[in-house]
Each structure stands twice: as C-alpha cells, then as structure tokens.
Amino acid sequence: GQHKIKFIPEMVGPILEMTLIPETELRKATIPIFFDMMQCESHSTRSFQMFENEIITKLDHEVEGGRGDEQYKVLFDKILLEHCRKHKYLAKSGETFVKLVVRLMERLLDYRTIMHDENKENRMSCTVNVL
C-alpha cells in the first residue's frame, strides 16, 4: 500500500540477493518486484533515482562476490522490459534503465571471468569497460 516507499532503497539489496539465487522460477517470481519498486518511487517522487542507484551499487557488489549469471541477465532484461513497456509513464525511462543495468551486468560478468586470466592486458581492458 502507501507504505511501500518506506522500503526503498533498504530492501533493494535483500531482494536482489534473492533474485540472484540460481533458480529460474524464483527469479521469474521475484524480478517483477523491481518494477513495483520503480513504479512506487516514480509515483512518489516522479523518478526512481534512489532505486536505480541502489540496484547498481548492490549488483556490482553481488556479481563481484560470485553471484549472477548469463541466465539472470537475460531474465532481468526480458521481465523488466515487458513490465516497463506496458506502463504509460515508465516505458521510456524504464527501458533506458533496464538497458543500462543489462550492459553493466555484461561487463561485470566479463570482468569476473577475466580476473582469473593471466593476461594483464585482457584484465585492464575489461576493467576499463566496467568503468
């Protein structure tokens, strides 16, 4: 109800952790919570900046810690884009946000993979991409 906004941004991290559990049905059921958070904050403040900042920060931490995979990236993209495109006010800003996060995930996953590579040039290139 009207108190949902009080849980943003504090609940973004715990919900992100839950969505990163490698279980497809759990992911499909919980990723839409992010859209609800975006919608809630947007309704209250006309943007979802707090949510956006928090999810980017937490995602960086979680992927660096070994969580997340290609399947998660694909589901995140598909599910959130579907929700955003159906919403009158969040269609454009939501799609921009989803594409930003998906690109970040790609780079973070690449970075995590390459960190075990012996080639320092590959690691540096990947680090530059993340930045």
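**View A. Proline 9 sits in the segment before helix 1.** The peptide bond joining isoleucine 8 to proline 9 is cis, and its omega is near 15 degrees. Most peptide bonds are trans. This is a predicted model, in which local features need pLDDT of at least 70, side-chain atom pairs count only at pLDDT 80 or more, and totals for chains, interfaces and linings use all residues. Residues are numbered from 1 along each chain as its sequence is written, and side-chain values use heavy atoms, with hydrogens and water left out. Helices (H or I, at least four residues) and strands (E, at least two) are DSSP runs, numbered from the N terminus.

**View B. Arginine 46 lies in the loop between helix 3 and helix 4.** Its phi is positive, about 70 degrees, although arginine 46 is not a glycine. Most residues other than glycine have a negative phi. Arginine 46 has 70% relative accessibility and so counts as exposed. Exposed means over 50% relative accessible area, buried under 20%, and partly exposed in between (1.4 Å probe, protein chains only).

**View C. Helix 4 covers residues 49-64.** Helix 4 has 16 residues and reaches 23 Å from its first C-alpha to its last. That is close to the 22 Å expected at 1.5 Å a residue; the expected span is 1.5 Å times one less than the number of residues. Which residues of helix 4 are buried? They are Phe51, Glu52, Glu54, Ile55, Leu59, Glu62 and Val63. Seen down the axis of helix 4, these buried residues fall within an arc of 165 degrees, so they line one face of the helix. The arc is taken from the directions from the helix axis to the C-beta atoms. On the other side of helix 4, His61 and Glu64 are exposed. The buried residues of helix 4 pack against helix 1 (12-19), helix 3 (32-45), helix 5 (70-86) and helix 6 (91-114). Glycine 66 follows helix 4, and its phi is positive, near 100 degrees.

**View D. Six aromatic residues form one cluster: Phe34, Phe48, Phe51, Tyr72, Phe76 and Phe97.** Rings of Phe, Tyr and Trp (its six-membered ring) pair if their centres lie within 6.5 Å. Planes under 30 degrees apart count as stacked, over 60 as edge-to-face and the rest as tilted. The count comes to 5 aromatic pairs. One of them joins phenylalanine 48 and phenylalanine 97 edge-to-face, at 5.5 Å centre to centre with 80 degrees between the planes. This pair links distant parts of the chain. Phenylalanine 48 is in the loop between helix 3 and helix 4, phenylalanine 97 is in helix 6, and they are 49 residues apart. Both phenylalanine 48 and phenylalanine 97 are buried.

Tyrosine 72 and phenylalanine 76 have ring centres 6.0 Å apart and planes at 40 degrees, so the pair is tilted. These two residues are 4 apart in helix 5, about one helical turn. Tyrosine 72 counts as buried at 1% relative accessibility. Phenylalanine 76 also counts as buried, at 1%.

**View E. Phenylalanine 97 has contacts with several residues, among them Met38, Ile55 and Leu80.** Contact means heavy atoms within 4.5 Å.

**View F. The largest nonpolar core has 32 residues.** A nonpolar core is a set of buried Ala, Val, Leu, Ile, Met, Phe, Trp, Tyr and Cys residues joined through side-chain atoms within 4.5 Å. Those with the most contacts inside the core are Phe34, Phe51, Phe76 and Phe97. Helix 1, helix 3, helix 4, helix 5 and helix 6 each supply at least two of its residues. Helix 6 gives the largest share, 8 residues. In soluble globular proteins, nonpolar side chains tend to be buried together.

**View G. Aspartate 77 is in helix 5.** Aspartate 77 counts as buried at 19% relative accessibility. Not counting residues up to four places away in sequence, aspartate 77 touches Val98, Lys99 and Val102.

**View H. The structure holds 0 disulfides.** A disulfide is a pair of cysteine sulfur atoms within 2.5 Å. The sulfur of cysteine 40 is 14 Å from the closest cysteine sulfur, in cysteine 84, too far for a bond. Cysteine 40 counts as buried at 15% relative accessibility, and cysteine 84 counts as buried at 0%.
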